[in-house]
Amino acid sequence: MTTQLPDTVHVVSHTRYGPPADLGQRMATMPAPADDQVVLRVRAAGINRGDALAVEGLPYAARLSYGLPRPKRPVPGTDVAGTVVAVGPGVTGWRHGDAVVGWADGAFASYAAASQASLLAKPDAVSFEEAAATPSAGVTALQALRAGGIDTARRVLVIGASGGVGSFAVQLAKAYRTEVTAVCSTRNVELVRSFGADHVVDYLTQDLTTCTGHDLVVDLVGHLPLLHARRLATPGGRYVVVGGGTARSVTGMRRFAAATLLSPFVSQRLRPLFATPKRTDLATVLSLLASGQVHSAIEAAYALRDAADAIEFVGLGKARGRVVLVP
C-alpha cells in the first residue's frame, strides 16, 4: 500500500544558536529515506532538556558535535513516535503503516527520517504521545538505576523526582520492588506520590542532608556538593550523577569529573552517567508501559507551531514530567 506524500513538510528550524524564542518554522523538502532508513509521519515528539541546550549550543564544547559555527542539523529533536510512510531499499524490518517509536534526527517536524535500527514497534496499549515521551527519559532513568546496582538495592533515593527522567526513575525503581524516597519541591509532592514513591521529601521545607541510609542515590539535580551529597548513600552504596552540570560553561562536565576523581577516596561509589540510546533498554521500558506498571507523566502537549514556547519551558527545568509536540 502506498500513500501520496506531500512534496514539502513543516519543520521547526534554527540556523544559529540562540534562545528558543529565535526558533522559526518553515517548509522543507519531504525527506527521502536512505538505504537503511524509513520516513515517519510524526505523530508526537518528546522534548528533552538536551534539546533546549542544543538549540542554544550549550555547553559550548558541545558545538564541536552540534556544529561550528552554526548547527549542522537545523531541525532539532530526537525522540519520536509515528507511522511509517516510506522505506529505503535496504529496510527489512518495517513496512508502510507500522506504528513505531524511537530516535530520529530532526523529530520536530511533521515528517522525519530515521534509521530502521533506531526504532521499535509501538505497543498498541501505549498512545503516540506516551511513546514519544519515553525514549531518552525512560532509557536514561533505567540506565541510571542499573549503573547504581538496582538489582541488589533495597532503598533508593531519587533527587529531582518530578522531572522527565525523575518521573521514570521513581516508577522503574518501584518496578524493581525497592523502597523509594523521592525529592521534589512543595508543588510537586502529590504528583511524585502518584508515581508510587514510598516517601517524599520536600527540599524547600526539609533538610535533604538528613536523608541518609540509601543503597542507591540517583541525582538528577546536583544542588548539593558531592562531598556532602555522597553521605546520602550508605558506605559501599552507589551515588549516580545524572544531572547538575553547569550548562553555561565550556564543557558542562565539572560535576561528572568530580564524581570520577572523588570516588576512589570515599566509601561510596560515585558514578557519572552518560546515557546512550539503546533499543533493548527502550524495549524494557515500553514493556512496562504496555503492562501499566509505568506510565509517561505528560504535563503538556504543544502544537508544532508552539515549539519555541514548549522548548523554552522545558529548558527552564520546571516541567512536571514530560512535554511533547504534536504536529
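Predicted model: local features only at pLDDT ≥ 70, side-chain atom pairs only at ≥ 80, totals over all residues.
A residue counts as buried when its relative accessible area is under 20%.

**Strand β8.** Select residues 155–159, which form strand β8. Of its 5 residues, 4 are buried, so by the under 20% cut-off the strand is mostly covered.

**The neighbours of β8.** Next, select strand β11 (residues 214–219), which pairs with β8 in the parallel sense over 4 bridges. In β11, the bridge partner of L157 is V217.

**The nonpolar cores.** Now show the side chains of L145, V156, V158, V170, L172, V192 and L216. In the largest nonpolar core, which has 47 residues, these touch the most other members. Helix α4 (residues 135–147) contributes the most to this core, with 7 residues. Centre the view on V192: among the residues that it touches are A161, A182 and V200. Another core, of 29 residues, lies apart from the largest one and includes V12, L40, A107 and A310.

**Aromatic rings.** Which residues form an aromatic pair that is tilted? Select F256 and F274: their rings lie 5.1 Å apart, centre to centre, with 35° between the planes. F256 belongs to helix α8 and F274 to the loop between β13 and α9, so the pair ties together parts that are 18 residues apart in sequence. Finally, select K122, which lies over the face of F128 at 4.8 Å from the ring centre.

Methods
Residues numbered from 1 in each chain as written. Heavy atoms only, no water. Core = buried A, V, L, I, M, F, W, Y, C linked by side-chain atoms within 4.5 Å. Buried < 20%, exposed > 50% of the residue type's maximum accessible area, 1.4 Å probe, protein only. Helix = DSSP H or I, 4+ residues; strand = E, 2+ residues; numbered from the N terminus. Contact = heavy atoms within 4.5 Å. Phe/Tyr/Trp six-rings, centres within 6.5 Å; stacked < 30°, edge-to-face > 60°. Lys NZ or Arg CZ within 6 Å of the ring centre and 35° of its normal. Pairing = 2+ DSSP bridges. Lists of a residue's contacts leave out its neighbours within four places in sequence.
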